[in-house]
Amino acid sequence: MANPLDQLFVLLKQWLVALLPVGLQPLLSMVLSAAAIIAVFASLFAVTTLLERKGLGRLQNRLGPNRTGPFGILQPLADGLKMLTKEDIVPEAADQVVHFLAPLVMVVPVLTAYAVLPMGRNMVAVDFDGGVLFFFAVGASTELSVFMAGWASRNKYSLLGAMRAIAQMISYEVPLVLASVTVVMTVGSLSLVRIVQSQSGYHWGWLARWHVFTPWGLAGLLLFLIAAAAECNRTPFDIPEGESEIIAGHLVEYSGFKYALFFLGEYLGMFAVSSLGISLFLGGWEAPVSFLTWIPSYVWFFGKLLGFISLFIWLRGTLPRLRTDQLMNFAWKFLLPMTLVNLVAAAGWHFSAGWSFPGALAWRWLFSAAVVGVPYLALGHALAGRVHLGPRSYRYAT
Amino acid sequence: MIPLQHYLVVAALLFGIGLAGALTRRNAIVVLIGIELMLNAANLNFIAFWCYGPNPQKLTGVLFALFAIGIAAAEAAVGLALVIAIYRHNRTTQLDRLDKLKG
Amino acid sequence: MRLTFLLLAALTLGSALLALSRRRLVHCALWVAVSFAALACLYLQLGAQFIGFAQVLVYVGAVAILIVFAILLTRSTEEPAAPAVIPGWLSGISIAVLTAGGLVVPILSSSLLPAPPAAPPMVTAQALGQELMTRYVLVLEVAGLLLTAALIGAVILALKESEGRP
Amino acid sequence: MSLLGVGLLKGMVETARNFVGSYHDPSRLTTVQYPEERLAPKENARNFPFLVYDGADSERGLRCVACKICEKECPPQCIYIVLERDAKGKPQKHPKVFDIDISVCMSCQICVEVCPFDAIKMDTEFELSRADRFGGLLLRKPDLAKPNVHYHRLHPTEAAEVDARLAAEQAKAAAKAKPASPPPPKPAAPTIAPAA
């Protein structure tokens, strides 16, 4: 695995670290990793805002921003300048300290979550046992920051938005964790590097051994995606922000740089959860087919990440916002049972690994798919007739 | 490494703070916070004794703390649900006002 | 090492003290979250990674949020007009001081405590899982049962009475 | 039996079709890139009033006789008119001052409806932003006076009707006045001089 192109950044870091005396080397190593993560993901944030605005435009037959620079590529710069030069307004009745701290509590934990995400072969800041747990633990502080923002603003819309956001995040954290646990269970490790490594190698010499190519993995990825979209407040689950009902929820009283920090925190959270999904189900830095392994690992990782981002943008351009009760019903009546069933399917897959009679693979597939598919159909059938998930009926409009 | 006493002292002080809060505050929610802090002090003791104990490979202290965390979560959920139910009934969470047996 | 410990201990105790002495309930909840997080760092220092992260996940992510929710649902976000402590608060404080003193003095004077090991022991999540699934499986099941009961109990307690006020 | 999630996929396909289509089918893009491109003006559009004048002289050709009906009728009272008088103080049937504060005007068109002389009409000009919001948005008589040609360009059908009516009235007045005194007070008949 000493492909120099693949290990370009790792070697670069090693070379830089070696320049310093031994005592300072761990410190420099940490600083370099942190600086790289912050720089890369902050610029990815800028790129994503542009992609999102252009993409949303095209999804709705519009042009998107095209005034700043050629094809509008300087739009993120203009947005950033606007945000930075805006007046920072703090309401008089607000709790000044909490109001100030909320954006920081949002961004800092999200950035620390990147420490355990592998972004390429040997490209992980800290590889420790328990990475997935660490990821979810630091992710939990987002809820607190949302509450801080909502309460400290002393605005009823803020408070309503914060209540909605917390209720939503708590509800969807359960399916998110349960969908991830399937992979943790089959791999037998909480370390993301180990999880990615367990997906290396190729079926029949060409197709990658990703978890997504198993019935439970596919279902798990879809469930994970839905829960992740809700966890990062992306449309169709952006009820906490709900511009049309509660203006912008907990962000009402934020302006200027603090608002930009919240915005950054939300997108960084989306990237982080997407990266986790990639590491868990889509083989992290691994190539999907064996004849493409010459492409460096980090290119694969960021390519997949861009794919996830595009998917989220596509979803945002397509789906309308849910109502709060629909959201809760969906989480507790559909997502949670499905993740539990998926856990059973994954367990069945794991324990049938030893089957060796002819056609065992087909039987495993069939069994696992049935365990996920039958409850899905049954739930779909049972819920479709209900008020909450079925077609909407309107009392006053036709 | 730091002597074990330090951790034990921190745990004891944390327990004392939690106890003081639970004994003196009027609001039921703050009393619950105090109880949570006391539980946490106990957890700190478990972890400290496990770490400094003769046989850390046994994992007894860690597992006890793990179960304690789980049970504390359950306790918090039920306790706060009780507080909400009481609030709905009596329109107050001040403990010294809840002096009627009949709702 | 020692400095980290002192800082964390001061943060834990200070925020715990603030959590129980602030008048405004939301501040109490936020300070207690800080205290929980600092305690998690102390666990990490003691080598219990899994417990440390579980502490953050459960306490900061769930219990603190539950407390916040309870505060919001009981409409006690504003500063109460009535005094925050009960009339007999002095005796409560003295009981707490006596208890803490009664714990601290023997601890400091004890000679039975083991000497510190060279390095904190490492515990992997895998070892923890093995123990949980073999030796402590019954406890795990009981804990699961308890949590389920607590979940159902909390739902029933917090449910609106069907024929209550409009 | 409907499968849960099929509707979502249908929606996704639809937006994907939009996405791809917007690149190779320009007719899908409904955006008009305003400063460079403009929509064709609509005949019934209206924004703020202007004063019509006949002939080439924007001062003497004004149809307005300073009767002040519009000033009285204007609901937000954004019109201010001062009658012109000659040296002896005799009224001149001509406004000395005619101001409209378009920051107050609400585009109700009542002034146009009450004007007996068809002297005030609605403009479609909308690029009115000014650096000075008090002085800049107070339009004076020279800003307001626009030729009849302008009126014809904005509202051709209506302008033609107005011209025909005015011509008929003038002819009637001329026929009536022929036995009496020779020159009519206002010389010019409604003209569309350069455009016609």
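Visitor: Let's start with one residue: in which helix is Val97(A) found?

Guide: Keep in mind as we go that this is a predicted model. Val97(A) sits in helix α4 of chain A, the one covering residues 96-113. As for its surroundings, Val97(A) has 12 C-beta neighbours inside 10 Å, and because a residue with 12 or fewer is called exposed, that's the label Val97(A) gets. Along the chain, Val97(A) and Ala152(A) are 55 residues apart, yet in space their C-alpha atoms are 8.4 Å apart.

Staying with chain A for a moment, let's turn to its contacts with chain C. Here 20 residues of chain A are in contact with 18 residues of chain C. On the chain C side, at least two residues each come from α2 (25-45), α3 (49-73) and α5 (125-134). The top contributor is α3(C), which supplies 11 residues to that side.

Last stop, chain D, for a bit of strand geometry. Strand β2 (residues 79-85) and strand β3 (residues 91-101) of chain D run antiparallel to each other, paired over 6 bridges. One pair to pick out in your viewer: Tyr80(D) stands opposite Asp99(D) of β3(D). The hairpin that β2(D) and β3(D) make has 5 residues between the strands, and in that hairpin Gly89(D) takes a positive phi near 85°.

How values were computed: Residues are numbered from 1 along each chain as its sequence is written. Chains are lettered from A and ligands numbered from 1 in the order in which they are written. This is a predicted model: local features need pLDDT of at least 70, side-chain atom pairs count only at pLDDT 80 or more; totals for chains, interfaces and linings use all residues. Two residues are in contact if their C-beta atoms, placed from the backbone, lie within 7 Å. Helices (H or I, at least four residues) and strands (E, at least two) are DSSP runs, numbered from the N terminus. A residue is buried if 20 or more other C-beta atoms lie within 10 Å of its own, exposed if 12 or fewer, and partly exposed in between; C-beta atoms are placed from the backbone. Two strands pair if DSSP finds at least two bridges between them.
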